[in-house]
Amino acid sequence: MNYTRKRALLACDFCRHRKRRCDGKKPCSTCRDSNADCVYKELPFDRVEDASPNAVIDRLARIESLLEHQNQQINQLSTRSSPISYPTSQADYFSAYPQQSEYLPSTSAAIDPQLDSPQFLIPKNHATLPITLLSLPMVRNLLGEYPRDYFFEIEEKLPLPGLLGKLYDSPPVWPSIDIPTLDALTDNYFQHVHPHHPLFTRCMFTSWQDQLIQGENMEDIGASICFCVYALGTICSDEGGEYERDEALGLQFFQPALRVMLHKLVWDFRPSTNLCHALLLAASYFAHLGRPLHSWKMAQFSSRIFLSLLESRKHRLSSAEFEEAELRTFWQCFTVECDRIAELDVPRSGIEPLGDRMRLPHSTDPSDNDNTIYFIAEHAIRRLLNRIHNSLYGPDISVTSPNPGLPTSPNQAWQNLNLQKLLPLSSELNRQLEEWYFSIPDYQRPVKGTSQLSNDRARVLRLRYYAARHIIHRPFLLQMIFLQHEGQSPSSTSVLSPDPYSESPVVLEKCEACIDSCVTYLYNVVEMIEKRSPYLWTFSQSCMACLVMLWVAENTAALHTYVPQNMQPIQSMVLTNLRKWATKDSTFAAEVHIIEQLVFNDSMEA
């Protein structure tokens, strides 16, 4: 007979100090019987959890309260921001729930204790990194060996551009205050940059700018925010990749801004939301430059200040209240850091575990409601992406590479996943992806496919959708490639035996979904990588990953018919746009070199 040991993964303080068994409930039975306060410490990142198929699917199902909360929030904002009554599709997930005002706090927001569900953190040493695809035998034979930290090493060696490399070589030089020029840059910022991360309102910015124009204190953090806005307003209009011109990069604004915020970061002893905003704007600036490590560093500083803000209040997390600006700060920190963890597996600040417990922001400015809806929707799919990384790409799934300097080979990563686990997991994750998609209001939901969209925020959401769909189905394609090219019969723990795997319609359907997602992603991303945005580096990495997957699929007998025959034109468009940013010794240059070596059949025939 099998006995299940029911014991909490982390005992409460009362049980731990008295060395009593804790059942993990809130409150636990021991504390309830003893009339004691039942308090749990934060769960560590490396806690052990049941990884059985049923347990993982159960954890995924219990995330539904988060989706419901997100959908209710978006629907409330949609109702308030829409000038007309938009018809509600029967497929809208949130339409099944009654509209209750309690989901939308009025003046402040708190963490909902009912949302305290099992967390899906991106695992350390996860196997989703684009660099892991270069360890596929076919790709390795073509390109050679690439270490796991290859792109990280490239980025950390790059010098800071222009004036930023001489930050403390001379006294600060403040830019001239020409009001018409500054107003034009501000308009540019709020039109092109603000929609991606609406941290503050135009009214709030105006108050900081008024103080700057009056010259009250040039070294105040409000002045730093203003200078960042002017720098971003300058750089977002640079579509030619002019890295050499300080003026085109707005460095005359960003250098003093960076100098002020770094001084405040070191010597201010009280956490400040405005300093978080300045650092997040700096993170956006570096992201527009295509500098992921510098962007991550600024966001990590902001995350740590926010965590200090939590600690300074001396509240339990479940009862701490946050103003709207603080909620927006948290969610921007969360998304930027999770993006970098997914791409480069960088160190964590500790902000990620709060993602399933923090309330979503709401709109305080009716004119900003649409931006807020896009803002919430993007953070929601970032959480879903984290669940995908955790469920399908964790180190407990992958087999460690024999050479620790090389990435775990994707053809090794799925040997511990059997079809019984992989199929329900991928189906559940794909179902949640579709629920997220239909939670976006009809009038803002990006149409699937490749049709033109009206704004970059809709384009980003559509790209997020296809990126998630790609990695949900990637394990099937990788295993098919492994079986076809290695010519090995998988063991009893592998996905499928050779014959059923190669003949299974459901597996081929999953492979086709992965290929279709990669192709659709590439056609959508071309427009975004021809200009600067906070997603420039992220999109370039995803382009490389999609093209590698398609090239390998085309060279696999069972899959090549699913790959379009006209891959060369889209590959050429991607290369043309990436070359704009491919300065010497940059990641962009390395990506261009890799993509150029992927020869598709249509280009060979030509």
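Analyst: Cys-236 counts as buried because its relative accessibility is 10%; buried means under 20% relative accessible area, exposed over 50% and partly exposed in between, with a 1.4 Å probe and protein chains only. The model is predicted, so local features need pLDDT of at least 70 and side-chain atom pairs pLDDT 80 or more, while totals for chains, interfaces and linings use all residues. Residues are numbered from 1 along each chain as its sequence is written, and side-chain values use heavy atoms, without hydrogens and water.

User: How many disulfides does a search of the whole structure find?

Analyst: A disulfide is a covalent bond between the sulfur atoms of two cysteines; the criterion is a pair of cysteine sulfur atoms within 2.5 Å. The search finds 0.

User: Which side chain of opposite charge is nearest to Lys-264?

Analyst: Lys and Arg count as positive, Asp and Glu as negative, and His and the chain ends are not counted. A salt bridge requires a side-chain nitrogen of Lys or Arg within 4 Å of a carboxyl oxygen of Asp or Glu. For Lys-264 the nearest is Asp-268, 4.4 Å away, and this buried lysine has no salt bridge. Leaving aside residues up to four places away in sequence, Lys-264 touches Glu-219, Asp-220, Ile-221 and Leu-275, contact being heavy atoms within 4.5 Å.

User: Is Ile-213 buried or partly exposed?

Analyst: Ile-213 is partly exposed because its relative accessibility is 35%.
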